[in-house]
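Please read the points with the sequence and the model side by side.

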Amino acid sequence: MSHLPLIVGFGGVNPAGRSSFHHAYRRLILDHLDAKSKQETLLSLATLMGLAHYESGSYTNADGDVQPLETLLDTLLQQILDHTLIRRIEPASFNVDQVMFNKAATLKNDGEIHFVLKKRQLPQHIPPNWTLSQLNATEVSVAVVGDIEAILPDVKTAQVQSAGQLPSGFKPDALYQSRNHPRNLQMTVFSASDALMSTGIHFDEVMRHVAPDQVAVYASNSIGQLDDLGFGGLTKYPALGKRTSSKQMPLGYAQMPADFVNAYMLGNVGSTGGALGACATFLYNLRNAVEDIRSGKRKVVLVGGSDAPVIPEVIEGFRAMGALAEDKDLLALDHLNQLSDADYRKACRPFANNCGFTIGESSQFIMLMSDDLAIELGADIYGVVPDVFVNADGHKKSISAPGIGNYVTLGKAASLIKTLLGEESLQQRSYVQAHGTSTPQNRVTESHVINETAKAFGINKWPVTAIKCFLGHSQGTAGGDQLTLSLGTWSYGYIPGITTTTAIADDVYQSNLALLTEHTYVGKEGMDSVILNSKGFGGNNASAPVIAPHIAEQWLANKYDSETIAQWKTKREKTRERASEYDLAAMRGESRPIYLYDNNVLTGYDLDISATQIKLPGYAHAIDLTLDNPFGDFTDKK
């Protein structure tokens with residue numbers, strides 16, 4: 001029997017704000033929202049950014065002054081708009097005018113130099129041309145004859161000064177006992193919690209219906225935790241004379257987002273893992289989840305990613321590759337003498353005349369559930385992920401250059417939609433969420449991939465958009481941004497357009513495409529599917545078709561009898577009520593992430609083990625050890 005991988009919850013945080021209940025999506029189309037939806041999303045951002053607080057039934061500003069909500073939000077509107085999405089890098093990330101860039105130097109010395117050092121500052125191996133004289137219990141005098149090798153402290157102005165940063169003032173570490181966690185993992189705790197609570201079903205209730213090994217968590221990022229509390233500090237602290245901590249090594253691993261969810265949120269003993277595939281990382285993890293649910297191995301899977309690359313070292317690395325939009329190139333592109341805040345906000349321009357991508361940070365999670373469990377629990381449904389296609393590029397001249405793999409992944413995704421929904425649906429009611437990085441190479445190569453696929457399937461004007469124009473490129477989590485923001489179209493009817501792109505570049509292939517440069521209304525059921533496309537560094541290509549919730553309901557009605565569907569819808573009303581309660585608490589800034597440190601820790605001595613099952617204390621169902629023979633055609637005698 002087949003099992004549908006249904007999206008029953010999603011959440012996270014990116015430069016547009018909190019993802020759950022479409023708040024981040026709504027930030028993109030803010031001027032197209034009704035008054036209530038606009039107010040809710042502005043409130044969500046205001047409390048997230050620490051600009052507003054809810055206390056005893058009233059709202060206050062950052063100074064503690066009580067104000068009517070409408071007045072408060074009107075006052076904060078411009079500040080919220082200015083400090084979300086892509087913008088000039090803010091001091092909370094790092095000081096773009098004071099980026100550390102120390103210089104190695106040889107101090108030439110014809111005579112003898114004297115200086116004083118504390119004993120603890122002395123090098124372990126004293127240079128042969130140094131003579132030490134003890135001054136007191138803690139200091140020594142040093143006499144040096146000849147040259148001295150030194151590192152001179154220095155700073156420079158960053159050559160790249162735009163990035164997609166989380167909303168200003170948002171501090172995930174202040175919401176739980178963060179214990180010096182790298183920023184990525186702080187974001188993970190917030191985002192995975194947001195996704196879990198968005199479902200309206202407490203995870204303990206889910207676990208009462210499934211065995212412990214029917215759960216999985218697949219989450220990671222593409223480059224690990226590279227700030228000072230992770231691999232970044234691990235690699236540079238010795239050179240800076242700082243002490244390496246016991247946490248920097250383990251907390252730097254790229255699979256750590258999954259590990260944190262398992263250990264501190266779910267207590268998961270089912271499957272886990274973190275696939276890595278550069279920009280396609282989120283879709284790689286999504287593929288593992290979809291395969292697990294389709295096969296029946298898992299009933300529920302949390303899929304996620306978390307990337308926090310807005311740090312000087314990562315930005316410099318991509319800049320050195322020629323991949324990022326440098327300030328000097330933005331100036332030349334627009335014939336300017338100086339960049340304003342407005343210019344930084346439109347640094348990312350997919351499919352336009354552009355000069356490089358814009359780095360971004362994001363953490364996104366979704367919950368996938370098999371259709372039978374979703375029906376049983378009364379889960380809400382936001383869409384279906386029927387498959388994820390992954391192909392490499394074959395032989396390459398340059399590891400960073402695009403290749404042929406994306407033609408295969410996108411072609412398979414389009415073909416599956418045609419098979420599932422019919423040719424007319426593919427041609428008239430599907431669109432593409434492009435990788436859309438805003439590099440000159442991507443605009444040509446990806447437009448050719450999409451355009452040729454459209455030609456092959458008889459699509460005349462295939463709608464194409466790219467949300468990186470608002471968020472920047474969050475590396476391995478980019479597919480999560482594409483997915484969670486695309487879901488909003490089925491609730492509000494708009495496909496967010498590439499509004500930073502005013503004119504399509506002459507070298508872009510578009511004979512069979514409709515590259516959307518404005519927010520485009522298609523209706524809540526106007527699109528049956530969207531294809532998420534990713535062209536990753538090193539030849540990591542992935543394309544994921546996502547089917548609309550109205551189609552999912554039709555499929556469920558085909559599989560289940562009317563009574564079962566009616567019971568599911570009745571339960572779903574309660575689920576939606578609980579989800580709405582969480583959304584209101586989150587909008588008011590009252591909710592806190594799930595973080596269960598040192599909670600119900602089990603050891604092997606706690607388990608009840610037999611030849612047929614393992615029983616875990618606190619879990620409703622045992623883990624079944626009786627497995628079918630998967631190789632009976634080899635092992636069974638004729």
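1. Helices (H or I, at least four residues) and strands (E, at least two) are DSSP runs, numbered from the N terminus. With that numbering, Thr199 is found in the loop between helix 4 (183-198) and helix 5 (203-207).

2. A word on the basis of what follows: this is a predicted model, in which local features need pLDDT of at least 70 and side-chain atom pairs count only at pLDDT 80 or more, while totals for chains, interfaces and linings use all residues. Residues are numbered from 1 along each chain as its sequence is written, and side-chain values use heavy atoms, with hydrogens and water left out.

3. Thr199 counts as buried, at 4% relative accessibility, where buried means under 20% relative accessible area, exposed over 50%, and partly exposed in between (1.4 Å probe, protein chains only). Once its neighbours within four places in sequence are left aside, Thr199 is in contact (heavy atoms within 4.5 Å) with Val8, Gly9, Met367, Thr575 and Ala579.

4. The structure holds 13 aromatic pairs; rings of Phe, Tyr and Trp (its six-membered ring) pair if their centres lie within 6.5 Å, and planes under 30 degrees apart count as stacked, over 60 as edge-to-face and the rest as tilted. One of them joins Phe115 and Trp130 edge-to-face, at 5.7 Å centre to centre and with 85° between the planes. Because Phe115 lies in strand 9 (residues 112-118) and Trp130 in strand 10 (residues 130-134), this pair ties together parts that are 15 residues apart in sequence. Phe115 is partly exposed, with a relative accessible area of 27%, whereas Trp130 is buried, at 16%.

5. The rings of Tyr264 and Tyr595 have planes at 45° and centres 5.2 Å apart, so this pair is tilted. It links distant parts of the chain, 331 residues apart, with Tyr264 in helix 7 (residues 256-266) and Tyr595 in the loop between helix 20 (562-587) and strand 28 (608-609). Tyr264 is partly exposed, with a relative accessible area of 22%, while Tyr595 counts as buried at 13%. Ring pairs also link both tyrosines with Tyr176, Phe260 and Tyr597 into a cluster.

6. Finally, a charge sits over a ring if NZ of Lys or CZ of Arg is within 6 Å of the ring centre and within 35 degrees of the ring normal. The charged end of Arg588 sits over the ring of Tyr54, 4.2 Å from its centre, and that of Arg287 sits over the ring of Tyr284, 5.6 Å from its centre.
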